[in-house]
Amino acid sequence: MSTATTKQNTCTCCGYVTDRATCFTSDTQPKPGMIAICARCGLIGVYDEDMSIRTLRQEEKVHLMSNHPDIWNQVMGIHHAVINRNRLN
């Protein structure tokens with residue numbers, strides 16, 4: 001697991017501003033098409049070509065669930081961990 005500096009992004013759901021990304025699966029910089037999860041609210045997003053984070057589209061969710069269930073399960077695990085952490089705070 002590693003943390004990298006990224007372009008500044010603002011969550012489209014909660015407004016959280018970040019310029020960091022932690023990769024849980026490898027020691028790499030985020031790349032376009034990689035999943036991003038807001039550390040404050042758990043919104044599931046994806047990096048665009050310019051490294052802006054946008055909300056994951058419904059068809060992208062379906063594709064992940066159908067073709068990459070292992071990745072989707074990891075994403076949902078992190079998503080739920082963020083939500084549960086917020087309930088405790």
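Which residues are linked in a network of salt bridges? The network takes in D48, R54, R57 and E60. A salt bridge here is a side-chain nitrogen of Lys or Arg within 4 Å of a carboxyl oxygen of Asp or Glu. The model is a predicted one, in which local features need pLDDT of at least 70 and side-chain atom pairs count only at pLDDT 80 or more, while totals for chains, interfaces and linings use all residues. Residues are numbered from 1 along each chain as its sequence is written, and side-chain values use heavy atoms, with hydrogens and water left out.

Back to the salt bridges: searching the whole structure turns up 5 of them. R54 pairs with D48, with the closest N and O atoms 2.7 Å apart, and R54 also pairs with E60, where the closest N and O atoms are again 2.7 Å apart. Burial is judged by relative accessible area: under 20% is buried, over 50% is exposed, and anything in between is partly exposed (1.4 Å probe, protein chains only). R54 comes out at 18%, so it counts as buried, whereas D48, at 28%, is partly exposed. Another salt bridge joins R20 to D19, whose closest N and O atoms are 3.5 Å apart. R20 is partly exposed at 47% relative accessibility, and D19 is partly exposed at 33%.

Next comes the nonpolar core, meaning a set of buried Ala, Val, Leu, Ile, Met, Phe, Trp, Tyr and Cys residues joined through side-chain atoms within 4.5 Å. The largest one has 6 residues: I44, V46, L56, L64, W72 and V75. Two elements, strand 4 (44-47) and helix 2 (69-88), each give two or more residues to this core. Helices (H or I, at least four residues) and strands (E, at least two) are DSSP runs, numbered from the N terminus. In soluble globular proteins, nonpolar side chains tend to be buried together.

L56 sits in the loop between strand 5 and helix 1. With a relative accessibility of 5%, L56 is buried. Contact means heavy atoms within 4.5 Å. Leaving out residues up to four places away in sequence, L56 touches I35, I44, G45, V46, K61, L64 and W72. From L56 to M34 the separation is 22 residues in sequence and 10 Å in space, C-alpha to C-alpha. V75, with neighbours within four places in sequence set aside, is in contact with I35, I37 and I44. H79 belongs to helix 2 and is buried, at 15% relative accessible area. Beyond four places in sequence, H79 touches I37, G42 and I44.

Finally, there is the largest pocket, with a volume of about 990 Å³. On a 1 Å grid over the protein atoms alone, a pocket is an open set of points where a 1.4 Å probe fits, with protein on both sides within 12 Å along at least five of seven lines; lining residues have an atom within 4 Å of a point. Grid points are joined across faces, edges and corners, and the volume is the space filled by probe spheres set on them. The pocket is lined by 38 residues, and T22, I35, A36, I37 and Y47 lie nearest its centre. Among the elements giving two or more residues to this lining are strand 1 (2-10), strand 2 (17-23) and strand 3 (35-37). Helix 2 gives the most, with 6 residues.
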